[in-house]
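Please look over the chain shown below and keep it in view while reading. The briefing that follows goes topic by topic through salt bridges, a pocket, a surface patch and some individual residues.

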Amino acid sequence: MTEYADDPSEPEPSAAPASAVVTPADAADAARLVAFGLQPKLQPARDQEYAELLRRHREDPAFARLADAVAAGLGLVVLEVSPRAGMAVTAAEDSVFAVRMGDYARRTTADSGDRFLHGLAHLAVAALAFPRPEDLADDGYIGRISVHGVDAFVRQACRRLEERAAQQGENTDPATDAPGLEAAWRIWVRRSATGATKDARRLAGSTTGIVGKAVAFLTDSGFLQRTGDDNGGTYRTTARYQLQVRDMAGGAAMAELLELGVVPVTDGTASLLPAEDSDDLELVADAGLPFHS
């Protein structure tokens, strides 16, 4: 009987390379990289350790898998790991890091009854910041929005919806608690744009107040950067925000917004393109970047 185990032609099993062995130090570094990713305002170019861990993620596949696994274990979805965006992560619905509309309302002292309008404000900011598909696909594109511009954009969209409803003979005065994107925008247009107080401050419940809370939250989250005070406040997008909007761009609410074909009011150089197969879409409760229902 031939003993194959003794055949010298059979290769000996190779030992696992030392680099494949995960050490506690590797795990700590991977967790450190994820921790950096959870600090959205931190720029890799300004932190040597962060930049080094990003380089290691790019050049060491085993370390990259380890860091991605740490993120997944925390309920985080890795959108991109790069010098421009850092370790850009978003929270899955079941993650402890997920931001829900109720949490947002408490953090911004927003009226919980207006949660639908706050979700709409976030949706409008995303659509106006990246009005064309090519803008969203271009890593070098920087969107620019203003508080007053977002409010005017939503009001323009509302007028378009009212015109469409009138042409179709639909009810143009839905109940305030009715679901759907059209109902939300009709509620929006009824609300005062500023509702200024005696000292000229805009009221929190006005539509520009709602937009102001949205952009302040996005700025604190590292998605926008404030660039000036004109038009209620002007802002530019960050790489992280572009990745976040890409992640939600296929949602029904965004598709319905694009289907309207409303021209952005910023500078008139871009227009929203119609989406395919977007009939009978509704905005689900609590919809709006970057929240979970």
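D26 counts as buried because its relative accessibility is 17%, where buried means under 20% relative accessible area, exposed means over 50% and partly exposed lies in between, with a 1.4 Å probe and protein chains only. The model is a predicted one, in which local features need pLDDT of at least 70 and side-chain atom pairs count only at pLDDT 80 or more, while totals for chains, interfaces and linings use all residues. Residues are numbered from 1 along each chain as its sequence is written, and side-chain values use heavy atoms, with hydrogens and water left out.

**Salt bridges**

- Side chains of opposite charge can pair when their charged atoms come close.
- A salt bridge here is a side-chain nitrogen of Lys or Arg within 4 Å of a carboxyl oxygen of Asp or Glu, and by this rule the count comes to 13 salt bridges.
- D26 forms one of these with R56, and the closest N and O atoms of the two are 2.6 Å apart. This pair links distant parts of the chain, with D26 in helix α1 (residues 24–37) and R56 in helix α2 (residues 48–59), 30 residues apart; helices are DSSP runs of H or I with at least four residues, strands are runs of E with at least two, and both are numbered from the N terminus.
- D220 forms a salt bridge with K41, the closest N and O atoms being 3.9 Å apart. Here too distant parts of the chain are linked, since D220 is in helix α9 (residues 207–220) and K41 is in the loop between α1 and α2, 179 residues apart.
- D220 counts as exposed, because its relative accessibility is 54%, and K41 is exposed with a relative accessible area of 53%.
- E134 forms a salt bridge with R132, with the closest N and O atoms 3.9 Å apart; E134 counts as partly exposed at 44% relative accessibility, and R132 is partly exposed with a relative accessible area of 28%.

- The volume of the second largest pocket is about 430 Å³. A pocket is an open set of points on a 1 Å grid over the protein atoms alone, where a 1.4 Å probe fits, with protein on both sides within 12 Å along at least five of seven lines, and its lining residues have an atom within 4 Å of a point.
- The lining of this pocket is made by 24 residues, of which Q43, R84, Q225, T238 and A239 lie nearest its centre.
- At least two lining residues come from each of β4 (224–228), β5 (234–237) and α10 (239–248).
- By residue type, the lining divides into 10 nonpolar, 8 polar and 6 charged residues.

**Helix α10**

- Which residues of α10 are buried? They are A239, R240, Y241, Q242, L243, Q244, V245 and M248.
- Because 8 of the 10 residues of α10 are buried, this helix is largely enclosed by the rest of the structure.

**A nonpolar surface patch**

- L38, L74, V96 and F97 make a nonpolar surface patch of about 350 Å²; patch residues have over 30% relative accessible area and no salt bridge, and nonpolar side chains are joined within 5 Å.
- F97 is found in the loop between β2 (86–91) and α4 (101–107), and F97 counts as partly exposed because its relative accessibility is 37%.

**Individual residues and C-alpha distances**

- N231 lies in the loop between β4 and β5 and has a positive phi of about 55 degrees although it is not a glycine. Most residues other than glycine have a negative phi.
- N231 counts as partly exposed, at 46% relative accessibility.
- A91 has its place in strand β2 and is buried, with a relative accessible area of 17%; the C-alpha atoms of A91 and L74, 17 residues apart along the chain, are separated by 8.5 Å.
- A30, in helix α1, is buried with a relative accessible area of 0%, and its C-alpha atom is 8.8 Å from that of A71, 41 residues apart along the chain.
- R65 is found in helix α3 (residues 61–73) and counts as exposed at 56% relative accessibility, while the C-alpha atoms of R65 and A30, 35 residues apart along the chain, are separated by 9.2 Å.

Definitions and conventions. Patch = residues over 30% accessible without salt bridge, like charges linked within 9 Å, V, L, I, M, F, W, Y side chains within 5 Å. Areas by Shrake-Rupley, 256 points an atom, 1.4 Å probe, with all protein chains shown as cover. Points joined across faces, edges and corners; volume = space filled by probe spheres on them. Nonpolar A, V, L, I, M, F, W, Y, C, P; charged D, E, K, R; others polar.
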